[in-house]
Amino acid sequence: MSQLKITSANVNNYFSLKPLLLENGLEAFKSSVDEYTDYLLNDAIRSLNDHIAKTWLLHERATGNIVAYMSLIADAIKLSFAEKELHGLNYPFRTIPAMKIAKLAVNITVAQKYKGIGTIMIQAAEHIAFGLNKDYCAARFLTVDADIEHDNGVLAFYEKNGFIPNAELYNKNRKTISMRKDLYY
Ligand SMILES: CC(C)(COP(=O)(O)OP(=O)(O)OC[C@H]1O[C@@H](n2cnc3c(N)ncnc32)[C@H](O)[C@@H]1OP(=O)(O)O)[C@@H](O)C(=O)NCCC(=O)NCCS
């Protein structure tokens, strides 16, 4: 089966993005990494209710199936002088506000059908961050801890989507790589 390329031009024809509210229907979601399947099934609702992470679901309009999910949280990153300069940020403090993609996974059962779903989810996160900035609260960067423990290629995926590694890595054992994308520069 040839894959249908999903872009910002056609995404709304096939999919709709909704916040996770109920546990119903989550069991049909399967990630290539068990940890991400388990998170959606067992932790996403609890994290929502505890105000720890807010999860968004991408539904296929034709079937109602969940094709991808992401969990978003508030964040802040520490940047060096050189990094701040790179983004035109001339401030004396190191900590800059951000919004983080804490989890992102695409349903493997639809991966053969569509291409570009992961990218669409990042664009959706950017859209949400722009809304946050416009109406509520500043976040200069979109951030992620790229999980390279199961798949090294995840780094390339985020780089293709405009993220760069941070000099200060939170996770020194390198199971993840802390990355940022400037939303405005
Ligand atoms: C990582 C993930 C979200 C990517 O989703 P996706 O729908 O396959 O990504 P896209 O189709 O939008 O890919 C965009 C580009 O990145 C590349 N890419 C995506 N995943 C990649 C990987 N694992 N290795 C190398 N390149 C990858 C694609 O080939 C594509 O490149 P192109 O534009 O040159 O064709 C998905 O594979 C996934 O759910 N993985 C398991 C969970 C996980 O690791 N999540 C990341 C947590 S930080």
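Trainee: Which helix gives the most to the shell around the ligand?
Mentor: Helix 5, with 5 residues. Helices here are DSSP runs of H or I with at least four residues, strands are E runs of at least two, and both are numbered from the N terminus.

Trainee: What kind of model is this, and how are residues numbered?
Mentor: It is a predicted model, with local features needing pLDDT of at least 70 and side-chain atom pairs pLDDT 80 or more, while totals for chains, interfaces and linings use all residues. Residues are numbered from 1 along each chain as its sequence is written, and side-chain values use heavy atoms, leaving out hydrogens and water.

Trainee: OK, which residues come nearest to the ligand?
Mentor: L104, V106, G116, T119 and D151, out of 20 residues around it. A residue counts as near if one of its heavy atoms lies within 4 Å.

Trainee: What does T119 do there, in terms of atoms?
Mentor: A side-chain N or O atom of T119 is 2.6 Å from a ligand oxygen. That is a polar contact, meaning a pair of N or O atoms within 3.5 Å. At V106 a polar backbone atom is 2.7 Å from an oxygen of the ligand. For G153, a backbone N or O atom lies 3.4 Å from a ligand nitrogen.

Trainee: Which elements give two or more residues to that shell?
Mentor: Strand 5 (95-106), helix 4 (117-135), strand 7 (141-147) and helix 5 (153-160).

Trainee: How do strands 3 and 4 pair?
Mentor: Strand 3 (residues 54-60) and strand 4 (residues 66-78) are antiparallel, over 6 bridges. L57 stands opposite Y69 in strand 4, and W56 has M70 of strand 4 as its bridge partner.

Trainee: What sits between strand 3 and strand 4?
Mentor: There are 5 residues between them, and the two strands form a hairpin. In the turn, G64 has a positive phi of about 80 degrees.

Trainee: And how many bridges join strand 4 to strand 5?
Mentor: 11, with the two strands running antiparallel. One of the pairs is D75 with its bridge partner A98 in strand 5. Strand 5 also gives two or more residues to the ligand shell.

Note on methods:
A polar contact is a pair of N or O atoms within 3.5 Å; within protein, one must be able to donate a hydrogen and the other to accept it, and residues adjacent in sequence count only if both atoms are side-chain atoms. Two strands pair if DSSP finds at least two bridges between them.
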